[in-house]
Amino acid sequence: PIIILDGTATNIKIHTMEYNNLSGKIYIDCKNMVVYSIGEGNIKINKMQNFSGTFLEILPGENLFSVSGTNLNLTLEFDYRNTYL
């Protein structure tokens, strides 16, 4: 999935991932293993320095997500599409 964090927080922990010092909108692309924000002119800005842990994999029936942290004012969105063979 692509996880979109928007808002402010000192620390956010989602399952096996952690993001520190959130201010604005951050994209965590688990498939491509990149963390970025989008700057002026739609340029991606690397934000891996604030990320730790392992990228999520969504598995049917095995997902448990919790969000914790300090100074949370957060919108959390999962951009995920089921695919079938």
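Q: Into how many nonpolar, polar and charged residues does the lining of the largest pocket divide?
A: Ala, Val, Leu, Ile, Met, Phe, Trp, Tyr, Cys and Pro count as nonpolar, Asp, Glu, Lys and Arg as charged, and the others, Gly among them, as polar. Here the lining of the largest pocket has 6 nonpolar, 1 polar and 5 charged residues. This is a predicted model, in which local features need pLDDT of at least 70 and side-chain atom pairs count only at pLDDT 80 or more, while totals for chains, interfaces and linings use all residues. Residues are numbered from 1 along each chain as its sequence is written, and side-chain values use heavy atoms, with hydrogens and water left out.

Q: Which residues line the largest pocket?
A: A pocket is an open set of points on a 1 Å grid over the protein atoms alone where a 1.4 Å probe fits, with protein on both sides within 12 Å along at least five of seven lines; lining residues have an atom within 4 Å of a point. The lining is formed by P1, I2, D29, C30, K31, N32, L56, E57, I58, D79, Y80 and R81. The volume of this largest pocket is about 250 Å³.

Q: Where are F65 and V67 found?
A: Strands are DSSP runs of E, at least two residues, numbered from the N terminus. F65 belongs to the loop between β5 (51-53) and β6 (67-70), whereas V67 lies in strand β6.

Q: Why does F65 count as partly exposed?
A: Buried means under 20% relative accessible area, exposed over 50%, and partly exposed in between (1.4 Å probe, protein chains only). F65 counts as partly exposed because its relative accessibility is 32%. V67 is partly exposed as well, at 36%.

Q: Which value of phi does M33 have?
A: Phi of M33 is near 55°, a positive value in a residue other than glycine. M33 sits in the loop between β2 (17-29) and β3 (34-38) and is exposed, at 54%. For N42, in the loop between β3 and β4 (44-46), phi is near 60°; N42 is exposed, at 69%.

Notes. Helices (H or I, at least four residues) and strands (E, at least two) are DSSP runs, numbered from the N terminus. Grid points are joined across faces, edges and corners, and a volume is the space filled by probe spheres set on the points.
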